Amino acid sequence: MKTNDFDCIVIGAGHAGVEAAHSAAKVGAKTALITIDRNTIAQMSCNPAVGGLGKGQIAREIDALGGLMALATDATGIQFRMLNRSKGPAVQSPRAQVDRHKYADWMRAALEDLENLTIIESMASDITTKDGKVCGVTCKNGHNYQTQTVIVSPGTFLTGKLYCGSRCWVGGRINEPASSELSESLKRLGLQLGRMATDTTPRLDAGTVNFGKLQVQLGDEVPVSFSFMTEAISRPQIPCWITYTDERIHQLLRDNLHRAPLSSGQIKAADPRYCPSIEAKIVRYADKKRHRIFLEPEEEEIKTIYCNGIFTSMPRDVQDKMLKLLPGTEDARVIYYAYAVEYDFCLPIQLYPSLETRKISGLFLAGQINGTSGYEEAGGQGIMAGINAARKLQNKEPIVLGRDQGYIGVLIDDLLTKGIDAETEEGEGRFGILTEPYRMFTSRAEYRLSLRADNADRRLTQIGRSIGLVGDERWEKFQDKQKGIARFKKYLQETRSGGLSLWEQLRQPANTVMQTVTSDERVKKMSLSEQVMQTTVFDAKYEGYIAKQERLVAGLRTLESKEIPQELDYNKIEHLRAEAKEKLSIYRPVTLGQASRISGITPADITVIQIHLKSHSAD
């Protein structure tokens with residue numbers, strides 16, 4: 001039955017929008033997902049892959065909460081690799097190449113089968129409000145929809161412009177229109193917007209690539225699944241290939257820097273540091289003689305090749321010449337040329353930790369609109385925005401993950417305390433203005449020893465269950481895993497050898513405990529999964545470090561629990577430094593813990609605020 005009344009409307013069906021719509025509907029909100037074309041739901045605009053360093057942990061966390069990304073990856077993956085295997089478990093991250101077409105199809109089918117969700121094919125143009133609260137969404141075709149909450153997740157579509165050399169045209173991505181009306185609507189609502197840029201790579205006809213000249217990169221012999229619900233990956237894996245640039249290509253790029261919008265100044269937003277264009281690489285790393293390029297299949301049948309590493313805004317003729325010089329692609333046919341995209345985003349310091357905007361009640365933002373990059377970062381924000389939009393309707397407190405609970409918590413806290421900076425209408429020079437999209441790395445998480453990919457379910461599945469996002473099947477599987485870990489841990493602690501328990505021996509470097517354990521009949525009778533055994537071993541290895549980390553976290557919880565009134569006038573706090581007054585007035589931290597993480601805020605500043613709050617609470 002069609003209706004124009006919804007509890008929650010999600011604008012945009014990229015990776016943030018998909019998770020937002022799914023979680024809002026599952027938690028109980030009557031939800032609509034507005035997208036230009038349902039056939040582009042969860043489209044992989046950039047690389048055909050999920051996961052990576054830090055990103056793999058986020059994908060696992062989305063899964064642990066009851067989201068879709070990991071399930072879709074396992075169902076459509078064509079190559080699985082665990083990165084950083086030679087390093088500690090805390091920085092090991094899963095990554096998978098996926099069939100981008102099947103991935104999108106899987107996601108679309110999952111949403112179409114979801115009760116409580118309506119997919120509307122249209123373009124949102126205006127968000128209407130009354131008395132500072134969201135009340136509706138108007139589409140370009142004139143249709144109006146009433147709602148109590150809106151989640152905006154438009155990707156790169158907000159006043160998007162595409163660039164390929166001297167050619168510039170309006171668009172959100174290749175062959176799709178931009179959304180300038182929605183940008184204007186957000187400005188009218190009082191939100192501050194900036195500009196960011198990113199770029200894509202050429203896509204090649206796989207049948208015209210000479211793979212015989214290239215280094216083969218295979219997946220893991222025993223692939224590790226993304227979702228905690230997937231028992232095993234049994235499909236054959238597809239290879240990727242590696243090639244390298246050389247000095248001839250570097251000189252070609254240097255000679256044409258004036259023709260690349262990202263380096264010529266035509267695009268005002270900065271070239272992303274963590275996903276730089278190839279022309280930026282040859283300038284930034286002028287001493288490097290070559291750069292590695294990954295040629296990645298975009299589908300199981302290997303029809304299209306994604307040139308990971310050749311992100312560029314160079315004109316087509318330069319791209320053609322570059323590919324002619326690159327080993328393996330000398331005779332390759334280009335299906336899609338690379339291009340850069342410049343788009344609007346909202347400075348994330350305008351958000352509460354729930355991802356609701358401070359200015360408009362019921363308006364949430366998720367994904368690239370908050371200044372991030374990457375499918376996983378978008379999905380992590382999307383699931384939290386969907387959860388919190390639904391909980392707002394239920395008059396329940398928002399779910400806010402701490403930095404000690406998940407990479408998603410680190411991501412959102414970083415956005416709110418460090419800010420994302422870019423070219424804004426007000427100009428540069430404001431606090432919190434950086435010049436590039438935010439990207440997650442394991443190094444950003446100070447509690448990464450306990451925020452491992454293997455234990456995301458132990459950290460977050462109970463939360464997902466408590467809010468109604470985790471169903472019975474996942475919950476039962478999680479409880480079985482917990483029981484298995486408890487049994488295996490008890491065995492390791494009670495079994496002794498050489499005066500030490502096996503648990504104690506696992507803490508020692510280069511130990512051979514597991515070789516003995518796996519042949520023990522008592523362990524075989526337990527029928528433990530690889531997941532259970534691996535997680536338990538990691539717990540043993542890190543027990544001392546995690547205990548120390550827990551003591552540190554406990555000491556910080558006091559600051560995290562101490563809320564700061566949002567109307568607090570920092571200029572009236574005696575003995576607070578001028579810089580602190582200015583920064584705190586801009587960022588408006590919600591807690592003392594959040595305030596302490598703002599760059600330039602000192603422990604002395606926090607003490608002054610604590611004294612002020614205590615003295616005024618007595619009043």
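Me: Hi! How do the residues of the second largest pocket's lining divide into nonpolar, polar and charged?
Reply: They divide into 13 nonpolar, 11 polar and 12 charged. Here Ala, Val, Leu, Ile, Met, Phe, Trp, Tyr, Cys and Pro count as nonpolar, Asp, Glu, Lys and Arg as charged, and the others, Gly among them, as polar.

Me: Before we go on, what kind of model is this?
Reply: It is a predicted model, where local features need pLDDT of at least 70, side-chain atom pairs count only at pLDDT 80 or more, and totals for chains, interfaces and linings use all residues. Residues are numbered from 1 along each chain as its sequence is written, and side-chain values use heavy atoms, leaving out hydrogens and water.

Me: OK, and what counts as a pocket?
Reply: On a 1 Å grid over the protein atoms alone, a pocket is an open set of points where a 1.4 Å probe fits, with protein on both sides within 12 Å along at least five of seven lines; lining residues have an atom within 4 Å of a point.

Me: What volume does that second largest pocket have?
Reply: About 1,000 Å³. Of the 36 lining residues, P353, V400, E560, V590 and T591 are the closest to its centre. For a volume, grid points are joined across faces, edges and corners, and the space filled by probe spheres set on the points is taken.

Me: Which helix gives the largest share of the lining?
Reply: That is α17, with six residues. At least two residues each come from α10, α11, α17 (530–561) and α19. Helices (H or I, at least four residues) and strands (E, at least two) are DSSP runs, numbered from the N terminus.

Me: Let's look at α11. How many of its residues are buried?
Reply: 11 of its 12 residues, so α11 is mostly covered. Buried means under 20% relative accessible area, exposed over 50%, and partly exposed in between (1.4 Å probe, protein chains only).

Me: What do those buried residues pack against?
Reply: They pack against α2 (55–65), α10 (375–393), α18 (578–587) and α19 (592–596). Contact means heavy atoms within 4.5 Å.

Me: And how far does α11 reach?
Reply: Helix α11 (residues 407–418) reaches 16 Å from its first C-alpha to its last, close to the 16 Å expected. The expected span is 1.5 Å times one less than the number of residues. Helix α13 (residues 472–494), with 23 residues, reaches 33 Å, close to the 33 Å expected. Among the buried residues of α13 are W475, F478 and Y491.

Me: Is C139 buried or exposed?
Reply: C139 is buried, with a relative accessible area of 2%. C240 is buried too, also with 2%.

Me: Where does N116 lie?
Reply: In the loop between α4 (100–112) and β6 (117–121). N116 has a positive phi of about 80° although it is not a glycine, and it is partly exposed at 36% relative accessibility.

Me: Last one! Which strand holds T35?
Reply: Strand β2 (residues 31–35). T35 counts as buried at 7% relative accessibility. T35 and E121 are 86 residues apart in sequence, and their C-alphas are 5.1 Å apart in space.
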